[in-house]
Amino acid sequence: MRYNFDAIIDRNHTLAAKTDMRMKYHVPEDALPMWVADMDFASPPAITDAIRNRLDHPIYGYTHLGDNGHEAAVQWMKTRHNWTIEPQWIVHAPGVVPALNCMVRAFLKPGEKVIIQQPVYPPFVSVATNNHFEYLNNELQEINGKYEMNLTDFEMKAADPATKLFILCNPHNPVGRVWSKETLLQIADICIRHQVLIVADEIHHDLVFKGNTHIPIASLSPEISQQTITCTAPSKTFNIAGLQAANIIIENADIRTAFVRELARTSLETPNVFAGIASEAAYREGAEWLDQALDYIEENKHYVMNYIQEKLPMLRVFDSEATYLLWIDFNKLELQPKRLTQFLNHEAKVWLNAGSTFGSSGNGFARMNIACPRSIVIEAMARIERAIRLS
Ligand SMILES: Cc1ncc(COP(=O)(O)O)c(C=O)c1O
């Protein structure tokens, strides 16, 4: 079956954060929403059918997950990521971010620190600071147009006796890297030597373009697996973030017990009624849809990259290996972060994420979500070009 990713589905007035939060952010009515990380594609029909089936039963009371969803996730990790896990390693959470908040509370004592790697998904900072922990930024370095980890600096930060936890983003949002086996082994080795717990946020793991392979860090050795918590979810992959289902995978039973205790303490362990149903349908029946979605997104990426190369040489876009998020450098326009946002929202009329929210090294950048129909991408690029010419 061919899925139609060209269809424009009007999300206005559905309470979608992407379209319906314009007022809050002072974004004009006619700016194209290409920011928050969900897709403008219909989810796989198997998910809609499974939800509809459950919806037809008119009682939406307290729910438990059962075993089927976990088994479907185990199969998915095996077939898609060549990673063998056990169903009992999986802990349900309503999202990766709530789970990260629980983790820092479960594993850090006052005064202890977290390593992150900016530019990175903004909640990594707030997960630390909301819970009164300090974060150390092991800044990614741009080398020959590619972001790389600075392992010397990482080791220094990991060696700080107060450092207890590292949040890895793989694939990395926003720079689109799929970290190599060598890099992952090196970083894991440092964490093991300095007893730093690895929290691998691998939520984008399924959104990897051809020629790249995502390697779950925990799959690299039993020793690494014992010191790693892996955060996954069907939410990015199948466009079901609003259903609030994440799978937190933890082999080490002591770590798992401590995490589950903290989830329970914050009453986050009960799933919503559609979470398990949607995840199971996604993992059992969503592979073909995903393959086609990825091909489509990759073509969108090529469109943007070619457009910038041919018509907008003052911009730079990073050739992402994964995710549907493009990291675009607008620094040559010489606009301060606030002014860049104003320029994009009000003059170009495209609503992107401000790069500055990913850390100060993101100043002058913006993140563009290209999980949308091609016609929107084409229109967005034309708008950006027009606004730059007029500026
Ligand atoms: C790296 C990363 N982690 C977590 C999330 C959000 O996870 P959740 O919606 O499950 O809390 C996102 C969403 O963009 C993300 O990019």
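Two strands are counted as paired if DSSP finds at least two bridges between them. Helices (H or I, at least four residues) and strands (E, at least two) are DSSP runs, numbered from the N terminus. The model is predicted: local features need pLDDT of at least 70, side-chain atom pairs count only at pLDDT 80 or more, and totals for chains, interfaces and linings use all residues. Residue numbers start from 1 along each chain as its sequence is written.

An open sheet holds 4 strands in the order β11-β12-β15-β14, with antiparallel pairing. β11 (316-317) and β14 (353-354) form the edges, each with a single partner strand, so one side of each has no neighbour in the sheet. β11 is joined to β12 (residues 325-329) by 2 bridges, and the two run antiparallel. Arg 316 stands opposite Asp 329 in β12.

The protein chain as a whole contains 15 helices and 15 strands. Its radius of gyration, taken over C-alpha atoms, is compared with a globule rule of 2.2 Å times the number of residues to the power 0.38. For 391 residues, a compact globule would have a radius of gyration near 21 Å; the chain has 21 Å, which agrees. Along the principal axes, the C-alpha atoms fill a box of roughly 60 × 55 × 40 Å.

Burial was assigned from C-beta atoms placed from the backbone: a residue is buried if 20 or more other C-beta atoms lie within 10 Å of its own, exposed if 12 or fewer, and partly exposed in between. By this count, 47% of the 391 residues are buried. Two residues are in contact if their C-beta atoms, placed from the backbone, lie within 7 Å. Among contacts with a separation of 6 or more, 74% link residues 24 or more positions apart.

β8 (residues 197-201) and β9 run parallel and are joined by 4 bridges. Ile 198 stands opposite Thr 228 in β9. β9 also pairs with β10 (residues 246-250), in the antiparallel sense, over 4 bridges. Here Cys 231 stands opposite Ile 248, and Ile 229 has Ile 250 as its bridge partner. β10 in turn pairs with β2 (residues 90-93), again in the antiparallel sense and over 4 bridges. Ala 93 stands opposite Ala 246 in that pairing.

In β9 (residues 228-232), 5 of the 5 residues are buried, so the strand is largely enclosed by the rest of the structure. In a regular strand the side chains alternate between the two faces of the sheet. Thr 228, Thr 230 and Thr 232 point one way from β9, and Ile 229 and Cys 231 point the other way. In β10, 5 of the 5 residues are likewise buried, so this strand too is largely enclosed by the rest of the structure. Ala 246, Ile 248 and Ile 250 lie on one side of β10, with Asn 247 and Ile 249 on the other; both faces are covered.

A residue is near a molecule or strand if its C-beta atom, placed from the backbone, lies within 6 Å of it. The ligand is surrounded by 13 residues, the closest being Ala 37, Gly 95, Val 96, Val 97 and Asn 173. For residue classes, Ala, Val, Leu, Ile, Met, Phe, Trp, Tyr, Cys and Pro count as nonpolar, Asp, Glu, Lys and Arg as charged, and the others, Gly among them, as polar. The shell divides into 9 nonpolar, 3 polar and 1 charged.

Helix α5 spans residues 96-107. The expected span of a helix is 1.5 Å times one less than its number of residues. For the 12 residues of α5 this gives 16 Å, and the end C-alpha atoms are 16 Å apart, which agrees. Its buried residues are Val 96, Ala 99, Leu 100, Asn 101, Cys 102, Met 103 and Val 104.

Two further helical residues were examined. Glu 280 lies in helix α12 (residues 275-285). With 23 C-beta neighbours inside 10 Å, Glu 280 counts as buried. Beyond four places in sequence, Glu 280 touches Asn 68, Gly 69 and Ala 72. Its C-alpha atom is separated by 19 Å from that of Thr 230, 50 residues apart along the chain. Ile 190 belongs to helix α8 (residues 181-193). Ile 190 is buried, with 20 other C-beta atoms within 10 Å. Apart from neighbours within four places in sequence, Ile 190 contacts Phe 154, Glu 155 and Ala 158. Ile 190 and Ala 158 are 32 residues apart in sequence, yet 7.2 Å apart in space, C-alpha to C-alpha.
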